Amino acid sequence: MKHKYLKDVSTLELSTDKCIGCGKCKEVCPHAVIEIENRKAQIIDKNACMECGACMNNCPVNAISVHAGVGCVSAVIRGWLTNSEPSCDCSGGSDCC
Amino acid sequence: MSEKGCCSPAPNKPRTVKVKNSSAPEKQCCCCSVAEPITKYDLADHWITGELETEKGKVPVVSTRLSFKDKFGAFKVRFNIGRMKYQINPGLYAVGNPDSHSPVMVSANYKLTFDSLRKELDGLNCWIMILDTKGINVWCAAGKGTFGTAEIINRIEKTKLSEIVSHKKLILPQLGAPGVSAHEITKQTGFTVAYGPVRACDIKAFLQADYKATDEMRKVKFTMRDRLVLTPVEFITAAKTVLFILGIIFVVNLFAARPFVAADLLTFAAAMVTGTIITPVLLPFIPGKAFALKGWLLGLIVTACMVWLNGWFAVNGVLLAIGYLLVLPSYSAFLAMNFTGSSTYTSFSGVLKEMKISIPPIIISIVVGCIVLLVKAFMR
């Protein structure tokens, strides 16, 4: 059964002018949001986007923008409480050496 | 940060490494006499079966079978025992008998992640380059940037990878992609990045298909089993706050005309199980899209059943019925909403919208419900 979350919330945007059709975005998307048609990327299922930012970070020509963040309630609450960017503080600080 | 440590030989091509998202630069642990090992390891660890001599030093060889100890370790972290300390050392590991042409896979230093990778590599000869993700799995670490471009570049240097393998190809798990800019890694190290499948069990098929993942391998699923294994951590996290609530109930009971009894606690426990276990497991089958709504609906049904079983719909119990029907479905809703953090498909913007809409009514209904319950407790 396919999971569906809230509609019309994703901040994903694609500039077709900049797109060179390399297909990296389609490759890294975990929810098949993007398809390559006529050698250009197309957003075909925006409501499935979870704003992970993989497409944006792997686009070599910066044609994609999305407000990437963790979709996690406790992260958002922590962000509100500490007045900072939401982050899931799931790691304790540990020394490297 | 310049990657030239005091003791490392000057790299062939001098390059500067841009460090984004990195935690504090690693302490320089070496001094000029002894070269640092590629990977710090302990041969006594049961999952290390031997060591492999490379030109740059020894690398541990790991088993592709999970022992009872590995499985018990996985069980413990699923129940939130020592979950944040279940780590292995970053560095380079060998599977089978790899040589300079063998593929290199990149993964996180959460042992649960490492175990689920190595058990799929039986019969292969390959390298595993483990990043320092502070013991966090690939996807979460990618979201935070610890599984990221800077750490990959740093780890390539530290493990002297380009001198151990002759090719220039890394295989990354696809779910690491949110933290990584593949073209940036190529630009700075010469290594190209192939994104492998989402699930480790598809790796052999991916390798056989000449580093091509099918569309199916690229999609994230979230099956009932996937959801079920995540629920114990949800339940245990919620249970910790319950101790606080029990403390308040104990104090109230000292003075109450109608103290809280086992029936009350059971009703409460049912709502907690509904929010942390039943809602996540039944997730796609419950109407609605927002997690809070799903949790509230199930919480309402379960609480209504409990109230009915306890006979509180009768005239003398009606305050209890009203109180619990205000408090508990909202509590289930909040717990269910927390599961967005474990889910594989909720977006940041979506979660924010859901919270802005649902948190005010959740708080109001819990506060009003608590007042009603306290009135009942102290009413003579």
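**View 1. Buried side of helix H1 of chain B.** In this predicted model, helix H1 (residues 68–78) of chain B has the buried residues Asp70(B), Gly73(B), Ala74(B) and Val77(B); buried means under 20% relative accessible area, exposed over 50% (1.4 Å probe, protein chains only). Because they cover an arc of only 100° around the axis, they lie on the same side of H1(B); the arc is taken from the directions from the helix axis to the C-beta atoms. The buried residues pack against helix H2 (111–118) and helix H9 (224–255) of chain B, contact being heavy atoms within 4.5 Å. Exposed Phe68(B) and Lys71(B) are on the face turned away from the buried side. Helices (H or I, at least four residues) and strands (E, at least two) are DSSP runs, numbered from the N terminus.

**View 2. Strands E4 and E5 of chain B.** From strand E4 (residues 104–107), Val104(B) and Val106(B) point one way and Met105(B) and Ser107(B) the other way, and all are buried. E4(B) pairs in the parallel sense with strand E5 (residues 126–130) over 4 bridges; pairing requires at least two DSSP bridges. Met129(B) in E5(B) is the bridge partner of Val106(B).

**View 3. Surroundings of Met129(B).** Residues touched by Met129(B), not counting those up to four places away in sequence, include Leu92(B), Ile152(B), Arg155(B) and Leu161(B).

**Notes.** Residues are numbered from 1 along each chain as its sequence is written, and chains are lettered from A and ligands numbered from 1 in the order in which they are written. Local features need pLDDT of at least 70, side-chain atom pairs count only at pLDDT 80 or more, totals for chains, interfaces and linings use all residues, and side-chain values use heavy atoms, with hydrogens and water left out.
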